[in-house]
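Dear colleague,

Please find below the structure that I am handing over to you. My notes on it follow directly after.

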Amino acid sequence: MATTTSSAVVMSLASVALEVADLEAARRFYRAFGVDAYVRLRASEAPSSGFRGFTMALTVAGPATVDAFVGAALDAGATVLKPAARSLWGYGGVVRAPDGTIWKVATSAKKDTGRADREVDEVVLMLGVGNVKATRQFYADRGMAVARSFGGKYAEFAPERPGAVKLALYKRRALAKDLGVPAEGAGSHRLVLGGTAGALTDPDGFVWESAASS
């Protein structure tokens, strides 16, 4: 069985950079949305069409907080992909930012137990992948700690530190269906991940850079 030496670099997700066509407009949007602390922005004209293969997801305390985030996003120029609504698992909605990034805001609670706020409990970067098991193993082989895994359907990794963005994997078509968009897409993901293991590209074409340059 392979072992990891003490000098090996353990890979982790240190930053998420969204590539946008209009940098200043994106900065204004993410400040108004209230999530600018979780993502970096960089200007890019890389061609991209259809589903980019990922979503950013916010987990919050209750339905009123979901509504507060969704409302702020819409006021700032986002469009609705799925209106906030109750479901078997809780309450949530999906919006597309003006730069094209899809955001899901959700809670497991179906009723509010306190006042509405704009606090985020957890931020998850969900990658839509062709083979969850293979991509999970790709990251595990590079030192990322698997926190939860459900066969070939879903996997998530332990975040670098408390409050950091968590990386998770979901089957691409299932993710697109959950978001309410067609699964087809081509070109750039418009996403660059900063990590501790240097530059690499994963099996689904998601690009990683060293955290210092991301």
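Which strand gives the largest share of the lining of the largest pocket? That share, four residues, comes from β4. The model is a predicted one, in which local features need pLDDT of at least 70, side-chain atom pairs count only at pLDDT 80 or more, and totals for chains, interfaces and linings use all residues. Residues are numbered from 1 along each chain as its sequence is written, and side-chain values use heavy atoms, with hydrogens and water left out.

A pocket here is an open set of points on a 1 Å grid over the protein atoms alone, where a 1.4 Å probe fits, with protein on both sides within 12 Å along at least five of seven lines; lining residues have an atom within 4 Å of a point. Lining the largest pocket are 22 residues, and Lys 104, Met 126, Arg 148, Tyr 154 and Asp 178 lie nearest its centre.

Strands are DSSP runs (E, at least two residues), as are helices (H or I, at least four), numbered from the N terminus. Eight strands form an open sheet of mixed pairing, in the order β5-β6-β7-β4-β8-β11-β10-β9; two strands pair if DSSP finds at least two bridges between them. Because β5 (79-86) and β9 at the edges each have a single partner strand, one side of each is left without a neighbour in the sheet. β4 and β8 run antiparallel and are joined by six bridges; Met 56 has Leu 125 in β8 as its bridge partner.

Yours sincerely
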